[in-house]
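Visitor: Can you walk me through this one? I'd like to talk about charged pairs and strands.

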Amino acid sequence: MGKIKAIGATTGQLRRIVLLEGFLVAAIAVPLGLITGTLSAKYVFLGIFKLYRNENIMMSTIRELIQRGEVQLIVPWIYVLAIGVAMLTVFLSLLRPMKIAARVSEIEAMRYRGAQTAKKRRKGYSDITIGRLTMIHLAGSKKKSMMTICSMAITGLFFMVIATVLSCADPGEAADNSIMGEYQIFPIIEFDNKEHPELEWCQVQKNNPLTEELKEQILQIDGVNSVECYPGNYVEADAFNGDREGIIGVPESGKELLENGIIEGTVTYEELKRGDKVIIDKNLLHWYPDLKIGDVIDAVIRDGDEKCRKQLEIAAIGDYDLGFTSYHYLLMAEEGLRSFSKYNLNMYDRIFADKKYDADVEAGIKAIIEENGRIEMKTWKDFYDDWNSGMTLTRGACYAFLGILGAICIMNMINTMIHSVHVRKKEIGMLQAVGMSDLQLQIMLQLEGLFYTAGTLIIAVGGGSLAGYPVFLWAKNNGMFGIRNYHYPLAATLMMIAVLVLVQVMMMFAIGKSVKKDSLIDRIRFDS
């Protein structure tokens, strides 16, 4: 740069030289990236589908849509966005080098030998060991070492946080959260269907198919332990902006769950039997944040063809599983709710069986409800399959993306180590000339790589473990992926540690072998 400037290059021309070099590299790298992404996108999705071998409607539908080309994985605007982001990133990364090139002094640049300045003079020792040699080098390039560690650690932190969320998203727990019991049957209900007015809830309750006789039939099936009937209804009120909200009556068997779920306020099950107090699920506050304990809801409730008004006081706020509420966010005792109507308000029959899934039990229940023709059924297995397929797709996409970020960071570490050894070829040659063995050289390089790996893991695993828990709490409070319990991502953590250590060991052996290709004389004569 100094020689070019000495023969007449301007500051602007030096800047443009650096900028052009960067964009020439991008002109090769960006198309390669786009081609690789295009070829791999379809196979990544198909690979995810292959991992999930149990068929269900969602996964099979997605697979068919992709295979038939009805859903395009490659969209033109994504190419434009990728190119734009890549070029912007390249430009931002070149600002500092362009600034340095513009400040080059002709005389100083022509004298430059890549050498040491008084400011960078390294500390010496009377006794030299492999560990001290390693620390001398790392101390002499603190800024570069910390940048490498930080870039890898940030990706590691991101990996740990995402892995924490994914590990907490257990399909079995999500299914437990989505349904109470192993099977749930309910009458077919439709609102505002003018062709089938008989499906309105106010009409269904007059001739409700969920009868005591049906309950007794189900109890006769081998493998069924119990059937719990939960009555329900719908409430219209100005507090809900005139919309309809569900209210559910909890039987004595659910008394403990109802009371233990209260997170704000106090009310007993006995008080809820009177029918003038309700508990609201905290999810209702998402739509109506102004509701609070002590408010009185002026409710209109349908009783067949009639309407009745009830004053319902909000006595407490609770946090309940969706399987418990079935999206009915007003809760009271069964006795209190049944007092609102002279009809059969049974809305859900929750069936508890010996096993989470039993084909014979399911077939028996289906045979009973198909005779009626007005009942639908949901099973624990239905929810499990849906969550499992959805999480398989989500995990595959997340880990594929994190794998790309990880590969970039590992390449950064490899580049740092290769450059570090390259500029020290002469120093390494002199150390070997005074007695350093090949084994000692290998140990020194391994210690340097271990510094980057250990630094990355301490920040990524330690910081990621701490950061993952608040994210878990946020995901739980917002109902993400049906998360209810915390699970530490041990498998993902061990995998990340194993990959980093393996890459570091392999890289150091490769670099050490590369260094030994040159003769000792050539290394001593080397001028970076």
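This is a predicted model: local features need pLDDT of at least 70, side-chain atom pairs count only at pLDDT 80 or more; totals for chains, interfaces and linings use all residues.

Visitor: How many salt bridges does a search of the whole structure find?

Guide: The search finds 16. A salt bridge here is a side-chain nitrogen of Lys or Arg within 4 Å of a carboxyl oxygen of Asp or Glu.

Visitor: What does Glu306 pair with?

Guide: Glu306 bridges to Lys342, at 3.8 Å from N to O. Glu306 is in strand β7 (residues 306-318) and Lys342 is in the loop between α15 (334-338) and β9 (346-353), so the pair ties together parts 36 residues apart in sequence. Helices (H or I, at least four residues) and strands (E, at least two) are DSSP runs, numbered from the N terminus.

Visitor: How exposed is Glu306? And Lys342?

Guide: Glu306 is partly exposed, at 48% relative accessibility. Lys342 is exposed, at 56%. The cut-offs: buried is under 20% relative accessible area, exposed is over 50%, partly exposed is in between (1.4 Å probe, protein chains only).

Visitor: Which residue forms a salt bridge with Asp321?

Guide: Arg484, with the closest N and O atoms 3.1 Å apart. Asp321 sits in the loop between β7 and α14 (322-325), and Arg484 in the loop between α19 (438-477) and α20 (490-515), so this pair ties together parts 163 residues apart in sequence. Asp321 is partly exposed, at 29%.

Visitor: Which residues are linked in a network of salt bridges?

Guide: One such network links Asp176, Glu182 and Lys356.

Visitor: New topic. How many residues of β5 are buried?

Guide: Five of the five in β5 (residues 277-281), so the strand is largely enclosed by the rest of the structure.

Visitor: Which way do they point?

Guide: Lys277, Ile279 and Asp281 point one way; Val278 and Ile280 point the other. In a regular strand the side chains alternate between the two faces of the sheet.

Visitor: Do β5 and β7 pair in the parallel or the antiparallel sense?

Guide: Parallel, over five bridges. Two strands pair if DSSP finds at least two bridges between them. Lys277 stands opposite Glu313 in β7.

Visitor: And how does β5 pair with β8?

Guide: β5 and β8 (residues 330-333) pair in the antiparallel sense, over two bridges. Ile279 has Leu331 as its bridge partner there.

Key
Residues are numbered from 1 along each chain as its sequence is written. Side-chain values use heavy atoms; hydrogens and water are left out.
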